[in-house]
Amino acid sequence: MEKTIERTELDYGLDDIAATVRGCRSYRRFDDGDPIPRELMLALVDLARQTASAGNLQPLRYRLVSDASVRDGVFKRLGWAGYLATWDGPELAERPTGYVVVCAADKVTPLTWVDAGIASQTILLAATEAGFGGCILRNFKPDLAEFLSLEGVEPLLVIALGTPVEKCVLEPLDSSPDGIKYWRDDQGVHHVPKRSLEEVLV
């Protein structure tokens with residue numbers, strides 16, 4: 001079936017977007033010396049605001065964080081990788097160089113989360129297309145809003161962005177040593193188990 005899908009991607013002109021989707025991984029280590037430009041972050045949010053919104057309510061708001069001192073404060077309030085229990089997050093030289101904090105301006109409903117997912121994935125896909133990468137984080141400390149002086153909005157997600165310096169590879173779920181849990185090998189390569197196409201079709 002894999003060869004059939006690859007052929008279909010070519011036949012329908014999906015090869016470019018397929019490469020972007022496969023390259024859009026959850027990266028957690030970045031090159032501090034190659035920061036993501038703030039102008040690009042603005043462009044990413046501009047794309048996100050044009051995506052679908054349930055009822056066209058458009059409840060999302062965004063805070064961009066690019067200043068080094070503010071980035072440090074955001075970093076200290078994040079949890080990084082639930083399945084890597086002994087890892088406290090990236091070292092100083094490998095921390096994100098930008099953040100997009102996705103917020104809700106209205107009461108948070110299940111549909112707000114749908115909007116947040118659409119917008120966040122759009123941001124990551126566009127960042128990947130531009131040669132950068134990132135990770136969507138929900139694990140942050142309750143005082144994030146206070147630290148960023150966010151008023152009238154509720155933080156939902158934090159998108160960490162930068163130039164990735166780690167390799168992420170997909171693995172068949174049935175060959176994973178520990179089910180759905182991602183892991184890192186001795187070379188620091190990040191392995192992510194994924195279900196097969198056959199398994200997700202119902």
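I began with helix H2 (residues 15-23) and helix H5 (residues 110-129), which pack at an angle of about 105° with their axes 9 Å apart. Helices here (H or I, at least four residues) and strands (E, at least two) are DSSP runs numbered from the N terminus, and axes are lines fitted to C-alpha atoms, for helices over the stretch in contact, with angles running from 0 to 180 degrees between N-to-C directions. H2 and H5 are therefore roughly perpendicular to each other, a term that covers 65 to 115 degrees. I then listed the contact, meaning heavy atoms within 4.5 Å, and found Thr20, Val21 and Gly23 of H2 with Leu125, Thr128 and Glu129 of H5.

I noted that this is a predicted model, in which local features need pLDDT of at least 70 and side-chain atom pairs count only at pLDDT 80 or more, while totals for chains, interfaces and linings use all residues. Residues are numbered from 1 along each chain as its sequence is written, and side-chain values use heavy atoms, with hydrogens and water left out.

Next I looked up the sheet of four strands, which is open, runs in the order E1-E2-E4-E3 and has antiparallel pairing; two strands pair if DSSP finds at least two bridges between them. Its edge strands are E1 and strand E3 (133-137), each pairing on one side only. E1 and E2 pair over six bridges, and arginine 63 stands opposite valine 101 in E2. H3 packs on this sheet, touching E1, E2 and E4, and its direction makes about 170° with that of E1. H5 also packs on the sheet, where it touches E1, E2, E3 and E4, with its direction at about 10° to that of E4.

Which residues touch the most other members of the largest nonpolar core? Of its 23 residues, these are Ile36, Leu44, Val100, Val102, Ile159 and Leu161. Such a core is a set of buried Ala, Val, Leu, Ile, Met, Phe, Trp, Tyr and Cys residues joined through side-chain atoms within 4.5 Å, where buried means under 20% relative accessible area with a 1.4 Å probe, protein chains only. H5 gives the largest share of this core, six residues.

Finally I turned to the open sheet of three strands, in the order E5-E7-E6 with mixed pairing. E5 and strand E7 (residues 190-194) pair in the parallel sense over five bridges, and the bridge partner of leucine 170 in E7 is valine 192.

Note on methods
Angles under 35 degrees count as roughly parallel, over 145 as roughly antiparallel, 65 to 115 as roughly perpendicular and the rest as oblique. Buried means under 20% relative accessible area, exposed over 50%, partly exposed in between (1.4 Å probe, protein chains only).
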